[in-house]
Amino acid sequence: MCLGQATLAQGPSDHTSLTLTGCLYDRSHRFNCHLFDRLEPEKRLMLSKQIVSSDLPPTQLDHALGYGSRYVDEPVPKYKMPSGSMPPGVAYQIIHDELNLDGNPILNLASFVTTWMEPEAERLMMETLNKNYIDQDEYPQTTEIQNRCVNMLADLFHSPEHESGVGTATVGSSEAIHLAGLALKWNWRKRRAAAGKPTDRPNLVMGHNVQVCWEKFTRYFEVEPRYVPLSHDRFVLGVEEALAMVDENTIAVVGILGSTYTGQFEPIGQLNDALMALNTTTGWDVPIHVDAASGGFVAPFTSPELAWDFRLPLVKSINASGHKYGLVHPGVGWVIWRTEEELPEELIFHVNYLGGDQPTFNLNFSRGANQIIAQYYNFLRLGQEGYRRIMTNLQELAGYLTDQLEATGRFTMLSRRGDLPVVAFRLNDTSVFTVFDLSERLRERGWIVPAYTMAPNAEDVAVLRVVLREGFTRDMADMLLADISRAVSGLEHVSTPPADVEVGRRPKKTHGVC
């Protein structure tokens, strides 16, 4: 079935963010990407708009062919389906050449998403490219593999053996968060209805540093978002500040295991203890959801003693991204519930037109199965020791970058050692140039290092962020440091800033990218 159940019995059977390379989405529907800013406004949306041919010059309506003209005599339209066919090699070459204009994924230090897998994993993905994940009667072994992955994750997240955990694969953490949020809202509504109380004003408490998918959930499913603002000395959720926003209509408090802004883990253990005390005093039953989109595949291996998961009694559901530090190509995510009771039966649909009864709880239906297969490959291939080696190495590289950047005396670190392998830093002196200028200079060398401002109430803090992924080496770190040094030297020799830009300032842009 679509929903995998964590058996965890003794014996043999034992998380849409916008993904334009180098760009960051903010709450004002803006992007922080110097290349993207140069596009016409109508091209900046991820929602594709119909092109009116008369609005474009003739030279932009067709592909300008190079050596493809050896085989194609007629222009190849860009926005209308060609009337005739072409050789497969020509179609491939047209698209292949255009994609060369994208950034280099290996040098994309903005994204948490995996850009490298072993050839054997990619071979398995190609072999299962034509399998539809939803066709469980037709591909029962694929479903069994998903169930095994759910069990492995439930065990990794310390699901109690006496409780019947349940979970499912998703397209990514965005879908996983929507599913978990729906379950939280339904459970809250049932508790309220059983007590004879109103059910029309649900709210969700979370830090202002959440990823944009949380904002999407609250808007799409009519839940009031209550954001805990940041401060200049706290860039993650504050426990006291969060509890002050909780009331009887709170469906949950969100704890983030690895903030997308700085990579810091939020104090989920402290949040659990404080919320338990509040629930005891008030008689409420407010749970915690952990957004472990990035940290869910890091903390279990680098900080196994850290209690952030189902070891905490109020943690009822967890999402994690397999295509981030789960080390799988996009897109696969996971959502795990502590018990079956945390997933309301009303949210599960049953279909039989593909053969047999198939329970399903997903926002979409058809999807490829190959990312799930690749996740299982990593679990078998790496095991806990393999993941531990990779994550420890990335954290050591992050520490090396941190040490070298701090030694220059030019930067202040906002990231924290031992959390995500992320290096977030700001300039100490912005009188001559800003982090946005530095980001643009690095882009000239191929590095995609995003610059952005922090979330409310720390919007005046502008930072650069480097995300370290498997494939990033010590040699690459040294090259990045050398390019940062050259870029800084070059910017310091710019005597006057552009006339239309106030020194040290750029448009305030925050983000929610993964």
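Start at Phe-379, whose relative accessibility of 12% makes it count as buried, since buried means under 20%. This is a predicted model, by the way, so take every value here as computed from it. Tyr-387 is buried too, with a relative accessible area of 2%.

Now look at how those two rings meet. A pair of aromatic rings is described by the distance of the centres and the angle of the planes. Phe-379 and Tyr-387 sit 6.3 Å apart, centre to centre, with 55 degrees between the planes, and the pair is tilted.

How many aromatic pairs does the structure hold? There are ten. One of them joins Phe-217 and Phe-221, with ring centres 5.6 Å apart and planes at 40 degrees, so this pair is tilted as well.

Which ring has the charged end of Arg-474 sitting over it? That would be Tyr-400, with the charged end 3.6 Å from the ring centre. Over at Tyr-133, Arg-367 lies over the face of the ring, 5.4 Å from the ring centre.

Methods:
Residues are numbered from 1 along each chain as its sequence is written. This is a predicted model: local features need pLDDT of at least 70, side-chain atom pairs count only at pLDDT 80 or more; totals for chains, interfaces and linings use all residues. Side-chain values use heavy atoms; hydrogens and water are left out. Rings of Phe, Tyr and Trp (its six-membered ring) pair if their centres lie within 6.5 Å; planes under 30 degrees apart count as stacked, over 60 as edge-to-face and the rest as tilted. Buried means under 20% relative accessible area, exposed over 50%, partly exposed in between (1.4 Å probe, protein chains only). A charge sits over a ring if NZ of Lys or CZ of Arg is within 6 Å of the ring centre and within 35 degrees of the ring normal.
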